[in-house]
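Hello,

Here is the structure we talked about. Please take a look, and read my notes below alongside it.

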Amino acid sequence: MGDEQLWLDPERARRAATDLRLSGEALSARRQQVGGRIAEASARRPWGRDDIGAAFEKSYRAYEETLLRAWAGLGRSLEGLGTDVATSVAATVDTDVASGRAIDAVPGRHDHRR
């Protein structure tokens, strides 16, 4: 890795984690509201119950279910990602602090500074 360094702005990363989580919550809420209305409206089968309506129902229902399931999953995923980022930032900061203390505690470490 050479001279490569990892630079982390913990506060900025925490804010981003919160933004991700809140975005997921907002997306999930919209899914409940709008997606619920879509499912409710289609349950009434406004396209009719004749042969043409039944054919439409057969094709439409699979797409609707896929869309609503993906929409809900995306909201949950964003919420979880935000939580995971926050956990990762906390663990990284804690590890960095602990490593710094351990290095500072090495006997004779300060004797070799130039």
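Start with Arg61, which sits in helix 2 (residues 51-104). Helices here are DSSP runs of H or I with at least four residues, strands are E runs of at least two, and both are numbered from the N terminus.

A word on the source: this is a predicted model, where local features need pLDDT of at least 70, side-chain atom pairs count only at pLDDT 80 or more, and totals for chains, interfaces and linings use all residues. Residues are numbered from 1 along each chain as its sequence is written, and side-chain values use heavy atoms, with hydrogens and water left out.

Arg61 has a relative accessible area of 17%, so it counts as buried. The cut-offs are under 20% for buried, over 50% for exposed, and partly exposed in between (1.4 Å probe, protein chains only).

What else do they touch? Contact means heavy atoms within 4.5 Å. Leaving out residues up to four places away in sequence, Arg61 touches Ser42, Ala43, Arg45 and Trp47. With neighbours within four places left aside, Ser42 contacts Trp47, Tyr60, Arg61 and Glu64.

**Val89**

Val89 is also in helix 2. Its relative accessibility is 5%, so it is buried. Beyond four places in sequence, Val89 contacts Leu8, Pro10, Ala13 and Arg14. Val89 and Asp9 are 80 residues apart in sequence, yet 9.1 Å apart in space, C-alpha to C-alpha.

**The whole protein**

The protein has 2 helices and 0 strands. Its C-alpha trace spans about 90 × 25 × 15 Å along the principal axes. The radius of gyration is 26 Å, whereas a compact globule of 114 residues would be near 13 Å. That radius is taken over C-alpha atoms, and the globule rule is 2.2 Å times the number of residues to the power 0.38.

Of the 114 residues, 17% count as buried. Among contacts with a separation of 6 or more, 72% come from residues 24 or more positions apart.

Best wishes
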